Amino acid sequence: MAQVSSGEAGGHAVYMREALRLADEAAALGEVPVGAVIVYGGEIIGRGFNRPVEAHDPTAHAEIVAMREAARALDNYRLTGASLYVTLEPCLMCIGAAVHARIATLVYGATEPRAGAVESRQRAWEHPSLNHRLTIVAGVLAGECRRRMRAFFLERR
(Lines give C-alpha, C1' and ligand atoms only; values in the text may rest on other atoms or scores of the structure.)
Protein backbone atom coordinates (compact mmCIF):
# COMPACT_ATOMS: atom_id res chain seq x y z
CA MET A 1 0.00 0.00 0.00
CA ALA A 2 1.16 3.53 -0.73
CA GLN A 3 2.34 5.78 2.02
CA VAL A 4 1.07 9.20 2.95
CA SER A 5 3.54 11.64 4.36
CA SER A 6 3.38 15.31 5.08
CA GLY A 7 5.83 18.14 5.11
CA GLU A 8 8.14 20.28 3.08
CA ALA A 9 11.36 18.28 3.26
CA GLY A 10 13.72 17.64 0.40
CA GLY A 11 13.42 19.18 -3.03
CA HIS A 12 9.62 19.17 -2.99
CA ALA A 13 9.44 22.90 -2.27
CA VAL A 14 11.46 23.74 -5.40
CA TYR A 15 8.99 22.03 -7.70
CA MET A 16 5.98 23.29 -5.75
CA ARG A 17 7.22 26.86 -6.24
CA GLU A 18 7.13 26.31 -10.00
CA ALA A 19 3.59 24.97 -9.65
CA LEU A 20 2.69 28.12 -7.67
CA ARG A 21 4.12 30.27 -10.47
CA LEU A 22 1.87 28.42 -12.90
CA ALA A 23 -1.11 28.93 -10.57
CA ASP A 24 -0.46 32.65 -10.85
CA GLU A 25 -0.69 32.32 -14.65
CA ALA A 26 -4.09 30.69 -14.27
CA ALA A 27 -5.29 33.47 -11.97
CA ALA A 28 -4.12 36.11 -14.46
CA LEU A 29 -6.47 34.53 -17.00
CA GLY A 30 -9.35 34.45 -14.51
CA GLU A 31 -9.02 30.69 -13.99
CA VAL A 32 -8.96 29.06 -10.57
CA PRO A 33 -5.28 29.32 -9.52
CA VAL A 34 -4.04 25.76 -9.65
CA GLY A 35 -0.65 24.86 -11.11
CA ALA A 36 1.05 21.53 -11.69
CA VAL A 37 4.38 20.15 -12.84
CA ILE A 38 5.54 16.65 -13.72
CA VAL A 39 9.09 15.77 -12.71
CA TYR A 40 10.97 12.85 -14.23
CA GLY A 41 14.63 12.13 -13.61
CA GLY A 42 15.01 15.39 -11.70
CA GLU A 43 13.71 17.51 -14.61
CA ILE A 44 10.36 19.15 -15.21
CA ILE A 45 8.89 17.53 -18.32
CA GLY A 46 5.34 18.80 -18.02
CA ARG A 47 3.72 22.03 -16.87
CA GLY A 48 0.10 22.97 -16.58
CA PHE A 49 -2.33 25.35 -15.01
CA ASN A 50 -6.09 25.37 -14.83
CA ARG A 51 -7.66 26.45 -18.10
CA PRO A 52 -11.09 24.83 -18.51
CA VAL A 53 -12.82 28.18 -19.11
CA GLU A 54 -10.29 29.48 -21.63
CA ALA A 55 -9.97 26.11 -23.41
CA HIS A 56 -13.71 25.30 -23.28
CA ASP A 57 -12.60 21.96 -21.90
CA PRO A 58 -13.89 20.52 -18.61
CA THR A 59 -10.86 18.22 -18.44
CA ALA A 60 -8.29 21.04 -18.69
CA HIS A 61 -7.30 20.87 -15.03
CA ALA A 62 -3.70 21.74 -14.22
CA GLU A 63 -2.78 18.11 -13.57
CA ILE A 64 -4.25 16.86 -16.86
CA VAL A 65 -2.56 19.61 -18.88
CA ALA A 66 0.79 18.78 -17.23
CA MET A 67 0.35 15.03 -17.78
CA ARG A 68 -0.46 15.58 -21.47
CA GLU A 69 2.70 17.64 -21.93
CA ALA A 70 4.81 15.10 -20.04
CA ALA A 71 3.41 12.21 -22.08
CA ARG A 72 4.34 14.04 -25.29
CA ALA A 73 7.85 14.69 -23.90
CA LEU A 74 8.36 10.99 -23.16
CA ASP A 75 6.42 9.85 -26.22
CA ASN A 76 4.51 7.55 -23.90
CA TYR A 77 1.24 7.85 -22.01
CA ARG A 78 2.79 5.93 -19.14
CA LEU A 79 4.63 8.29 -16.82
CA THR A 80 6.12 5.50 -14.71
CA GLY A 81 8.59 6.89 -12.20
CA ALA A 82 7.37 10.48 -12.55
CA SER A 83 6.18 12.77 -9.77
CA LEU A 84 3.20 15.08 -10.04
CA TYR A 85 3.35 18.33 -8.05
CA VAL A 86 0.11 20.28 -7.76
CA THR A 87 -0.87 23.24 -5.62
CA LEU A 88 -4.29 21.85 -4.69
CA GLU A 89 -5.46 18.39 -3.67
CA PRO A 90 -6.59 16.68 -6.88
CA CYS A 91 -10.17 15.84 -7.77
CA LEU A 92 -11.44 12.38 -8.66
CA MET A 93 -10.79 12.85 -12.40
CA CYS A 94 -7.19 13.89 -11.83
CA ILE A 95 -6.49 11.06 -9.39
CA GLY A 96 -7.86 8.63 -11.98
CA ALA A 97 -5.63 10.08 -14.67
CA ALA A 98 -2.58 9.92 -12.38
CA VAL A 99 -3.27 6.26 -11.66
CA HIS A 100 -3.72 5.43 -15.35
CA ALA A 101 -0.51 7.31 -16.20
CA ARG A 102 1.31 5.33 -13.49
CA ILE A 103 2.52 8.45 -11.68
CA ALA A 104 4.80 7.25 -8.88
CA THR A 105 4.42 10.14 -6.43
CA LEU A 106 1.75 12.78 -5.99
CA VAL A 107 2.84 15.87 -4.06
CA TYR A 108 0.25 18.52 -3.29
CA GLY A 109 -0.04 21.69 -1.28
CA ALA A 110 -3.45 22.73 0.05
CA THR A 111 -6.35 20.42 0.73
CA GLU A 112 -9.57 20.89 -1.24
CA PRO A 113 -12.50 20.45 1.15
CA ARG A 114 -15.17 20.44 -1.57
CA ALA A 115 -13.81 18.01 -4.14
CA GLY A 116 -10.47 16.65 -2.91
CA ALA A 117 -10.14 12.97 -3.74
CA VAL A 118 -6.99 12.21 -1.76
CA GLU A 119 -8.05 12.95 1.80
CA SER A 120 -10.75 15.63 2.01
CA ARG A 121 -13.83 14.00 0.44
CA GLN A 122 -12.61 10.53 -0.36
CA ARG A 123 -9.45 8.49 -0.62
CA ALA A 124 -9.93 7.48 -4.25
CA TRP A 125 -6.28 6.51 -4.74
CA GLU A 126 -6.77 3.66 -2.25
CA HIS A 127 -9.71 2.06 -4.05
CA PRO A 128 -9.13 -1.71 -4.06
CA SER A 129 -9.96 -2.09 -7.77
CA LEU A 130 -7.08 0.12 -8.87
CA ASN A 131 -4.06 -1.65 -10.31
CA HIS A 132 -1.51 1.04 -9.38
CA ARG A 133 -0.66 2.73 -6.09
CA LEU A 134 0.63 6.26 -5.67
CA THR A 135 2.89 7.52 -2.94
CA ILE A 136 1.32 10.68 -1.52
CA VAL A 137 3.10 13.67 0.01
CA ALA A 138 0.64 16.24 1.35
CA GLY A 139 0.99 19.76 2.66
CA VAL A 140 4.06 21.01 0.77
CA LEU A 141 3.93 24.83 0.90
CA ALA A 142 0.30 24.43 1.93
CA GLY A 143 0.06 27.94 3.37
CA GLU A 144 1.23 29.57 0.15
CA CYS A 145 -1.07 27.38 -1.92
CA ARG A 146 -4.06 28.13 0.31
CA ARG A 147 -3.35 31.89 0.22
CA ARG A 148 -3.49 31.88 -3.60
CA MET A 149 -6.91 30.26 -3.54
CA ARG A 150 -8.32 32.54 -0.84
CA ALA A 151 -7.05 35.70 -2.53
CA PHE A 152 -8.52 34.62 -5.87
CA PHE A 153 -11.98 33.95 -4.48
CA LEU A 154 -11.99 37.03 -2.24
CA GLU A 155 -11.24 39.16 -5.27
CA ARG A 156 -14.07 37.58 -7.26
CA ARG A 157 -16.70 38.26 -4.57
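Okay, some housekeeping. Residues are numbered from 1 along each chain as its sequence is written, and side-chain values use heavy atoms, with hydrogens and water left out. Since the model is predicted, local features need pLDDT of at least 70 and side-chain atom pairs count only at pLDDT 80 or more, while totals for chains, interfaces and linings use all residues.

Let's start with the pocket. Rolling a probe the size of a water molecule over the atoms shows where empty space is left. Here a pocket is an open set of points on a 1 Å grid over the protein atoms alone, where a 1.4 Å probe fits, with protein on both sides within 12 Å along at least five of seven lines.

Who lines the largest pocket? There are 25 residues, and Val32, Leu88, Glu112, Met149 and Phe153 lie nearest the centre. To count as lining, a residue needs an atom within 4 Å of a point. Helix 5 (142–156) and strand 4 (83–88) each give at least two lining residues, and helix 5 has the largest share, with 5. Helices (H or I, at least four residues) and strands (E, at least two) are DSSP runs, numbered from the N terminus. By type, the lining has 14 nonpolar, 3 polar and 8 charged residues. Nonpolar covers Ala, Val, Leu, Ile, Met, Phe, Trp, Tyr, Cys and Pro; charged is Asp, Glu, Lys and Arg; the others, Gly among them, are polar.

Next, the rings. The whole structure has 2 aromatic pairs. Tyr15 and Tyr85 make a tilted one, 5.1 Å centre to centre with 45 degrees between the planes. That pair links distant parts of the chain, as Tyr15 is in helix 1 (residues 12–28) and Tyr85 is in strand 4, 70 residues apart. For the cut-offs, rings of Phe, Tyr and Trp (its six-membered ring) pair if their centres lie within 6.5 Å; planes under 30 degrees apart are stacked, over 60 edge-to-face, and the rest tilted.

Are these two tyrosines buried or exposed? Tyr15 counts as buried at 18% relative accessibility, and Tyr85 is buried at 4%. Buried means under 20% relative accessible area, exposed over 50%, partly exposed in between (1.4 Å probe, protein chains only).

Phe152 and Phe153 form an edge-to-face pair, 5.0 Å centre to centre and 85 degrees between the planes. Phe152 is buried at 9%, while Phe153 is partly exposed at 30%.

Now helix 4 (residues 92–101), where Cys94, Ile95, Ala98, Val99 and Ala101 are buried. Down the helix axis they fall within an arc of 165 degrees, so they line one face; the arc is that of the directions from the axis to the C-beta atoms. They pack against helix 3 (62–74), strand 4 and strand 5.

Contact means heavy atoms within 4.5 Å. Arg78 is in the loop between helix 3 and strand 4, and is partly exposed at 26%.

Last stop: Thr105, in strand 5 (residues 105–110), is buried at 17%.
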